[in-house]
Amino acid sequence: MSSRTKRMKKTSWGARERAGMSFLIVVAFFAVFGLIILTEVLMIDDRGRSGSIIVRHGSNGGRFGESVPDYDDVKDDYLDDTGIFVRETKYGGAAVKNILKNQKDLKNSIGISVLTDSAEPRNPPVVPWGQMLPSKIEQTLPRFPADMKPTDGSWEIVNGTRYKFFVFSAFYDRRDGKLVRVIGATKTRGPEKVWCRFWYQTGVNSTKYRSASVMARVKIIRENWNLKYSACFILCPIRGPYPEIPHAVSVVSKIRAAPGNVLLLRNTDNDPDFTNRTFSNIPNSIGALYLLEFLELNNLLGVSHFTFYNHTIGPKASCVLQHYVNGDLPQHIVPYEDASPAKARNSSMVDTTDASYHMPTKYNEDNTAQLKPKITVNILPWNLRMRSQKEIRTEGLFASLNDCLYRSMYRYSHVALIDLDEFIIPHHNDTLIDLITWLSKRINNRNTGAYSFQNAFFYLQFADDEHMYTASDRQAHLRAALTTQRKTRRRSKLHPQKQRSKYICKPEAVIEAGNHFVWEFCPGRGSLNVPADAAILHHYRVCEFGGDDCIKTPSVVDRTAHRYSNRLLDRVGTVYNYLKDVCSLPDVPRAPTKPPPTRKKELKIRIPLKPENDKKPAETTKPHPNGISNSAITQQSATVPMEVILKTR
């Protein structure tokens, strides 16, 4: 056999071997793939049989970050009795008594307590979500805790859970059936099952209550960064023998355990008002003057009510806020002058010889009233016992956003969810209400549930507006102390919608509020992206990534906020002088002086010249009229230095 034939046979054998190996790899791949599919189907089937009818667990997703829900199919969570709160295709309402009876009959044979104070069994009793307990069982449960007063807007613990579980507030949601929605915080993945115990007063102002209990569903709120804990909704449908709205609700982990919390159920009336805003986590470093600027400018923009969630706040800012809460403010606006010292609020204590101080007057020069618009403020404590950014995102921010949303529902026509360093400034309208009305005449916003505004960074590292140095009016110092007046340079490129954007929404059109956009609307509602030439979000902050590199980005000067200068200065100045002594506020700082122009510097260097005879051959020596030789002159001139001037900036 020739060598060529041997090589051909060897090559053919190698090709068959590689083909066989490829076939085995393909078979192995499909085998593994089929095993994964089979396992997934079995797990889904097992989960459907054992847990989904009790509590819907959070999904194990997160592959796509915050753009995808952290729980499955939200559409099934907001239905009504026809297919509504519970999947009752397998377990009907009439079957619960039989289920509980069968569970009780199994107690002696398998040694599991169904509804006792002892530890929960590994496979808990099968009770459909939203199903009320039978009245006979309800009568054996613990009574209303007489030593507990219903709370509204404070973090309370749910006793008996394996992981941290807190509840903050409870709201009656009547948009689609009868539902109690509790704002809370708990474990993100696989939250523990809980029950809702409704408390009904037996009479007007009665201290005695009857109860009804229902299996609740825990629904995790999105944007949790996949941290261990997350804000959540506890959903409790109202059914059974007491269809009326309860007075309070308790969330319990074991149905026979004594309640560790009693939340007053808020049932707001359908009474629309002006825009309401919320802000969470008031920082300790916030200044009283900036807080006044924030309140008064937003009031100029049409805001009538503010809801704050106070995590930490300084004493001066706290004093200012408390006066807004109590309504203890001047009734009339006084033209502010920098030279006017703060005086006592009682007119009898004012020194009349101080001509620069103006007492509040009831009328302007044109005989028109100059009453100060009323601002109402609500402050809720925020003492959530979870480590921010370690256990839960940003102090449980999304619980406060949704609490404000439901707290304002049917009380205010619109809600703006923004931070303390942000202002939504319209370009063609004076107020935000005017802006929304203006948009409705140009765009069909019948189905609009929220108005989204693009973000513009006004970096605090940018130089102050040049008008701060040239202004010579009576309000120059106060104007230079206000952020919206001093900082007018912004980053020229706006962020796209849903990135750093903020929004104004209609509360009754929103189911789940997010930080930068609405996560879930009621059916048929959506968000309207407001054009940037109509209004943008002014965001006053330092560089988001640290350092000062942000000032190198292309920027433009935007003085839109200066349209409110005169009114804002008078309002802030009036309140500041009114509270200066009471709240121990410091004097308004002096306006900065314009820095001197940069002058060109001159650097002088003396360079000695080299002798001419070093470069040229020696010339013939001729006698000089004074008796000095030419060579001597050449040598003398060579030793004289030449002055070179280098101009630098």
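Between which helix and which strand is the place of Ile333? In this predicted model, Ile333 sits in the loop that runs between helix 6 (315-326) and strand 12 (376-381).

**Surroundings of Ile333**
- Ile333 has a relative accessible area of 10% and is therefore buried, the cut-off being under 20%.
- Leaving aside residues up to four places away in sequence, Ile333 is in contact with Gln370, Leu371, Lys372, Pro373, Asp570, Arg571 and Thr574.
- Although Ile333 and Leu371 are 38 residues apart along the chain, their C-alpha atoms are separated by 6.3 Å.

**Helix 12**

**Nonpolar surface patch**
- Met21, Phe23, Leu24, Ile25 and Val27 form a nonpolar surface patch of about 520 Å².
- Met21 belongs to helix 1 (residues 3-50) and is partly exposed, with a relative accessibility of 48%.

**Residues with positive phi**
- Most residues other than glycine have a negative phi.
- Tyr410, which is not a glycine, has a positive phi of about 65 degrees; it lies in the loop between helix 7 (397-408) and strand 13 (415-417) and is buried at 13% relative accessibility.
- Ser584 likewise has a positive phi, near 55 degrees; Ser584 is placed in the loop between helix 12 and strand 24 (601-608) and is exposed at 51% relative accessibility.

Methods:
Residues are numbered from 1 along each chain as its sequence is written. This is a predicted model: local features need pLDDT of at least 70, side-chain atom pairs count only at pLDDT 80 or more; totals for chains, interfaces and linings use all residues. Side-chain values use heavy atoms; hydrogens and water are left out. Helices (H or I, at least four residues) and strands (E, at least two) are DSSP runs, numbered from the N terminus. Buried means under 20% relative accessible area, exposed over 50%, partly exposed in between (1.4 Å probe, protein chains only). Contact means heavy atoms within 4.5 Å. Patches are made of residues with over 30% relative accessible area and no salt bridge: like charges are joined within 9 Å, nonpolar side chains (Val, Leu, Ile, Met, Phe, Trp, Tyr) within 5 Å. Accessible areas come from the Shrake-Rupley method with a 1.4 Å probe; for residues, only the protein chains shown count as cover. A salt bridge is a side-chain nitrogen of Lys or Arg within 4 Å of a carboxyl oxygen of Asp or Glu.
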